[in-house]
Amino acid sequence: MSSRPLNLRTPGPTPLPPQVREALARDMINHRGPEFAELIRECTAGLKAIFQTQHDVLILTCSGTGGLESAVANLLSPGERILVVSIGYFGDRFAQIARMYGADVQMLSYEWGQFARPEDIAARLERDSRITSVFVTHNDTSTGVMNDLEAIARVVKGAGKLLVVDAISSIGSVPLPVDAWGCDVVITGSQKSFMIPPGLAFVSISPAAWDKSRAATMPRFYLDYAQAKRWADKGTTPWTPAVSLFYALRESLRLMLAEGLEQIHARHRRLRDYTREGLRRAGVELFAPDSHASWTVTSARVPDGMTSKELRGRIRAEYNIVLAGGQGPYEERLFRVGHLGYVAEADLAPVLEALATVLGEAPAPARVG
Ligand SMILES: Cc1ncc(COP(=O)(O)O)c(C=O)c1O
């Protein structure tokens, strides 16, 4: 085993800033008391600034998938027709949840590694007027492809449909001005751009989404938006929240707002370029096209002659660097480098060096992309 400190380079959970780790050690408070009311209010205000929205942002105690499920449960009715745009594993998951709840799910699927084309979405909406809502993944973490959400939003809102966005691995690192682009529901998770542990989901809700949710009849209880909002207005949550994560969130939001949204976005864009450039120099074939490469995770092909597990096993054993493997059909064919949240070039340089060394010694030469 390497004696170096662990370098966690998965696309979530991400490493934690020291201020966040200290906040996590604080003692409990009563979540029905004034300290928690102050805490949830500061967290909500900070999230609204990051989401660039004047509307509601709810904080739910669940992972990102709970946030996705909340959108299905709160916005739809059984048998309602929706369009799910999928470019990978997480788009498929959104569809799976909606199907499980009894929605009539129409798919617009792209091959893994491809991005969604707004004109295809426009054509589907034009052809099928029964579709009420479009569900789309901004950045599919499984492929490292980032959709042009601004263009997609223009098409969806132009057609007068509700737009629901899985922004779990994008918002907070990547520009996504929720109100300016007209996104109705935007969902993310705490363990990605927000530099805190897993366990919270953040969901923004537009006035149109509130109207839709009041008429929607899917069953909902734990993740009911109306309940969450009613209690948030009183400075608490309907159910016992993950109090420690709220402490952590307050610290991380202070750090994020001090750095500034534009600076955060610029850093992630720079880290995307730095990682792609370094991997290319190491002779690795990148999976996502340059035009739609993710700012938060870079996916690359494992060279012939080895599996993702073998490659990552060596990188872990020799350098104490943790990379992510592929997902679904690409489990052994891809590896992924996370560069979101609390991360800088200095964290990525050792990763690129390690990969160049290990792949330089690989039995078969790496293919050059
Ligand atoms: C784009 C995207 N959607 C959904 C999820 C699921 O989130 P969670 O694992 O927090 O439930 C993830 C997690 O990696 C993700 O990256």
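How are helices H3 and H4 oriented relative to each other? The views below take up this and related points in a predicted model, in which local features need pLDDT of at least 70 and side-chain atom pairs count only at pLDDT 80 or more, while totals for chains, interfaces and linings use all residues. Residues are numbered from 1 along each chain as its sequence is written.

**View 1. Helices H3 and H4.** The axes of helix H3 (residues 64–75) and helix H4 (residues 89–100) come within 9 Å and cross at roughly 45 degrees; helices (H or I, at least four residues) and strands (E, at least two) are DSSP runs numbered from the N terminus, and axes are lines fitted to C-alpha atoms, for helices over the stretch in contact, with angles running from 0 to 180 degrees between N-to-C directions. H3 and H4 are therefore oblique to each other, since angles under 35 degrees count as roughly parallel, over 145 as roughly antiparallel, 65 to 115 as roughly perpendicular and the rest as oblique. Thr-65, Leu-68, Glu-69 and Val-72 of H3 meet Arg-93, Phe-94, Ile-97 and Ala-98 of H4, where contact requires C-beta atoms, placed from the backbone, to lie within 7 Å. These contact residues comprise five nonpolar, one polar and two charged (Ala, Val, Leu, Ile, Met, Phe, Trp, Tyr, Cys and Pro count as nonpolar, Asp, Glu, Lys and Arg as charged, and the others, Gly among them, as polar).

**View 2. Helices H11 and H13.** Helix H11 (residues 261–281) packs against helix H13 (residues 345–360) at an angle of about 15 degrees, with the axes 10 Å apart, and the two are therefore roughly parallel to each other. On the H11 side, Leu-271, Tyr-274, Thr-275, Gly-278 and Leu-279 take part, and they meet Glu-345, Leu-348, Leu-352 and Leu-355 in H13. Six nonpolar, two polar and one charged residue make up this contact.

**View 3. The surroundings of the ligand.** The ligand is surrounded by 13 residues, the closest being Ser-63, Gly-64, Thr-65, Phe-90 and Thr-141, where a residue is near if its C-beta atom, placed from the backbone, lies within 6 Å. This shell holds three nonpolar, eight polar and two charged residues.

**View 4. The two domains.** The protein is divided into domain 1 (7–14 + 260–360) and domain 2 (18–258), with bounds that come from an automatic or database domain assignment. Their centres, taken over C-alpha atoms, are separated by 26 Å, and the contact takes 25 residues from each domain. On the side of domain 1 that touches domain 2, H11 and strand S11 (297–301) are the elements giving two or more residues, and the largest share, four residues, comes from H11.

Conventions: Two residues are in contact if their C-beta atoms, placed from the backbone, lie within 7 Å.
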